[in-house]
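Good morning, colleagues. I would ask you to look at the chain on the screen while I go through its overall features and then two of its residues.

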Amino acid sequence: MKRQTRQIRVGNVPVGGGAPCSVQSMCNTDTRNVAATIDQIRSLATAGCEIVRCAVPDMAAAVALADIKRLSPIPVIADIHFDYRLALKVLDGGIDGLRLNPGNIGERWKVEEVVRAARERLVPIRIGVNAGSLEKELLEKYGHPTAEAMVESALGHVRILEELGYDQIKISLKASDVPKTVDAYRLLATRVDYPLHIGITEAGTIFSGTIKSSVGLGILLSEGIGDTMRVSLTGDPVDEIRVGWEILKALGLRRKGINFVSCPTCGRCQIDLIGVAQEVEKRLAVIDTPLTVAVMGCVVNGPGEAREADVGIAGGRGEGLLFRHGEIVRKVPESEMADALVAEVEKMAKEKS
C-alpha cells in the first residue's frame, strides 16, 4: 500500500496524495547558458522526465532561469543555497518549485521573505538533507551522519516553515550509503505526512549507480515510500530518467515504453542473441507505448516467453520464430530478426495509439 501523504503540485505535476511517483532529474549544464540548458531539458522530457531541477549559483543564473522556465516543456525547480535573494529572483521569474533549506538562509526575516513570495505564487519548497552536509551540531551529537541525524536535520528545517504557517513542503534525505538512506526515509515516514522525494545521492557511474539506486529505491517504493524520485548518476542525465522508469516498471508502479525481456544466453543458444537484443532495445527506446517485447535465444524457454510477450522472437539454429500475442507470425532468418521484431513492435504501437 502506498503511504498516504499530503499532495502538492510542482507546476502541473501532482506530488503525493496518491499520485504516481514522478521521475525527475537535474541539468548538468551551466544555467546561465539558456540554449544549452533548454536543449538538455527537451532531451530529458523526451526520455520521460516529468520535473527538472537547475542549479542557481549566482544572480546571473537566477535571471536566466526565467527564460528557461518560459521555454521548458516540463516544470522547473530552482536549486538554491544560502542566498535568499536568489530565491526571490527565481520566484519573480515564475519558477515552479524551490529546493531550499531554510536553516541555511540566515536571519529569520530572510526566510520570511522567501516564504511570503512562495505563498503568493503557491510554489512548493523541497527541504533536501544530504548526509555529506549535515549541521555541525548534529555531527557532534551523533558522531557521524546517521539516519537519525538526517531526520533531525530535516525536521528542524520543516519546523521553520511550519512556524511561518507554510505547508507546501516535500522532503528528501539522501546519502550514498543505501541502508542509511533507507533507514532515514523509513524513520521520517513515521514522523510526517509530507510527500517524500527519494534518491540515493552520489550513487556513482551508470553501472554502480544504477545498482545502488535500484536496490535503495526499490526497497522504499515496495514499502509505499516515495512520491517523486531522482536517480543520481555520474553521466548523462537522460540515463537517470531511463533508469528511473525501469525501476518503476519493474515494480509494476507505472507503465511507459518497452518492458524488455531477453534471456541471459547459454550453450544452447545458436544465434547472436546479445547483438540482436542490444540492437532491438536501442531501436525501441523511442517507443512510449507500454508493450512487452521478448528476445529469446533457444527452444527451451524461448517460445513460452515469446508467447507471453506482446511481441517476441524465439531463436533456433540461425533463424527464429516471430510471435505476436502468442501466435506465430512467421519464421525469419537470423539476419532479419531485429528488423522483423522492430517492425512488428512499431506496427503494434501505432495500432494502440
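Accessible areas here come from the Shrake-Rupley method with a 1.4 Å probe. On that basis, the chain exposes about 15700 Å², and carbon and sulfur atoms supply 50% of this area. Please bear in mind that this is a predicted model.

Let me continue with the chain as a whole. There are 12 helices and 15 strands, and the C-alpha atoms fill a box of roughly 75 × 45 × 30 Å along the principal axes. Of the 353 residues, 53% are buried. Among contacts with a separation of 6 or more, 63% are between residues 24 or more positions apart. As for charge, the chain has 44 positive and 46 negative charges, whose mean positions are 2 Å apart.

I turn now to Lys174, which lies in strand 8, residues 169-174.

Is Gln270 buried or partly exposed? Gln270 counts as partly exposed because its relative accessible area is 39%, between the limits of 20% and 50%. The side chains of Gln270 and Arg317 are joined by a polar contact of 3.2 Å. Outside four places in sequence, Gln270 is also in contact with residues including Gly297 and Glu334. Finally, the C-alpha atoms of Gln270 and Gln24, 246 residues apart along the chain, are separated by 41 Å.

How values were computed: Residues are numbered from 1 along each chain as its sequence is written. This is a predicted model: local features need pLDDT of at least 70, side-chain atom pairs count only at pLDDT 80 or more; totals for chains, interfaces and linings use all residues. Side-chain values use heavy atoms; hydrogens and water are left out. Helices (H or I, at least four residues) and strands (E, at least two) are DSSP runs, numbered from the N terminus. Buried means under 20% relative accessible area, exposed over 50%, partly exposed in between (1.4 Å probe, protein chains only). Contact means heavy atoms within 4.5 Å. Lys and Arg count as positive and Asp and Glu as negative; His and the chain ends are not counted. The place of a charge is taken as NZ of Lys, CZ of Arg, CG of Asp or CD of Glu. A polar contact is a pair of N or O atoms within 3.5 Å; within protein, one must be able to donate a hydrogen and the other to accept it, and residues adjacent in sequence count only if both atoms are side-chain atoms.
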